[in-house]
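Hello,

Here is the structure I promised to pass on. Please open it alongside this note; my findings follow below.

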Amino acid sequence: MNITIITILFSLLLSPVLYVQNGEMKLVQTADQNVYKLYFSSDIASDVKVSVRNKAKKTVFTRKIKDKKGFILPIDFSEFTSDTYSVELFSPLFVLYDTIAYQSAKDRFISNFEWEVVDNKNKVIVTALKPMSDEVTVLIKDNNNNEIDKQQISGNRFGVRVFNFDGINSDVIYVSFYYKGEVVIYKEFPIQ
C-alpha cells in the first residue's frame with residue numbers, strides 16, 4: 001500500500017513537467033525581411049531566456065523574459081551580417097531551437113541584379129530581377145575619376161538598364177550602385 005501511494009504522489013509531481021515539455025516556439029519573418037517575430041506558448045509560466053547565435057557559435061542577441069506562459073518577441077536582424085543563425089529558447093523545463101538563414105538588406109540588394117557585358121565591352125546591361133521600394137543611384141566614372149553619368153532611379157522602375165560606353169576616352173569605366181547612401185555594388189569594366 002505504501003508503494004502505491006508513493007507511486008501516485010510521484011506521478012502527480014511529474015505530470016506537469018511531462019506536460020509542459022510540449023511548449024511551442026515559432027519564428028515568422030515580417031514584411032521588411034529584417035525582423036523576425038518569435039512566438040512562444042506554454043501551459044506553465046516560467047522565466048525564459050532567448051539567445052541568437054551565428055554559425056561561429058557567437059551569441060549576437062539575448063533577452064530574458066520573466067514568468068510568462070507566452071509572448072511575442074520581435075528580433076531585429078538588420079545589424080547582423082548574412083549568416084545562418086540559431087535561435088534558442090531556454091526554460092527551466094525544456095529547450096526549444098530553430099534556425100534562420102538570414103540575408104542582409106545589402107546582400108539582398110546585390111543578389112537582385114544581373115550584369116551582362118556586350119558589344120566588345122562597350123555596353124553593360126543591368127537587370128533588376130524584382131522591383132525594390134527604395135531609390136538606387138548609379139554613378140559612372142572613368143579611370144581619371146571624372147563623372148560620366150549619374151542616375152537616380154526609383155527601385156520599382158529600374159527594370160533593365162543599358163549603359164553605353166561608346167565614345168568614352170578611357171581604359172576603364174567604374175560603375176557604382178548606391179543604396180541608402182552606401183556603395184553596395186562596385187564594378188570595373190575595361191573598355192576596348
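Helix H2 (residues 105–111) gives the most to the lining of the largest pocket, with 3 residues. This is a predicted model, so please read everything here as computed from it.

The largest pocket holds about 230 Å³ of space. Its lining includes Ala-105, Arg-108 and Phe-109, and also Lys-130, Pro-131, Met-132, Ser-133 and Asp-134. Gln-33, Asn-112 and Tyr-179 line the pocket too. By type, the lining residues split into 5 nonpolar, 3 polar and 3 charged.

Tyr-179 leads on to the strands. Strand S11 covers residues 172–179 and is mostly covered, with 7 of its 8 residues buried. S11 has two partners to look at:

- Strand S8 (residues 135–142) pairs with S11 in the antiparallel sense, over 7 bridges. Here Leu-139 stands opposite Ser-176.
- Strand S12 (residues 182–190) also pairs with S11 in the antiparallel sense, over 8 bridges. Here Tyr-179 has Glu-182 as its bridge partner.

The hairpin of S11 and S12 has 2 residues between the strands. Lys-180 takes a positive phi near 55° in this hairpin.

Is Thr-137 buried or exposed? Its relative accessibility is 13%, so Thr-137 counts as buried, the cut-off being under 20%. Leaving aside neighbours within four places in sequence, Thr-137 is in contact with Ser-176, Phe-177 and Tyr-178, and also with Lys-150, Gln-151 and Gln-152.

Best wishes

Notes
Residues are numbered from 1 along each chain as its sequence is written. This is a predicted model: local features need pLDDT of at least 70, side-chain atom pairs count only at pLDDT 80 or more; totals for chains, interfaces and linings use all residues. Side-chain values use heavy atoms; hydrogens and water are left out. Buried means under 20% relative accessible area, exposed over 50%, partly exposed in between (1.4 Å probe, protein chains only). Helices (H or I, at least four residues) and strands (E, at least two) are DSSP runs, numbered from the N terminus. Two strands pair if DSSP finds at least two bridges between them. Contact means heavy atoms within 4.5 Å. On a 1 Å grid over the protein atoms alone, a cavity is a set of points where a 1.4 Å probe fits but cannot get out, and a pocket is an open set with protein on both sides within 12 Å along at least five of seven lines; lining residues have an atom within 4 Å of a point. Grid points are joined across faces, edges and corners, and a volume is the space filled by probe spheres set on the points. Ala, Val, Leu, Ile, Met, Phe, Trp, Tyr, Cys and Pro count as nonpolar, Asp, Glu, Lys and Arg as charged, and the others, Gly among them, as polar.
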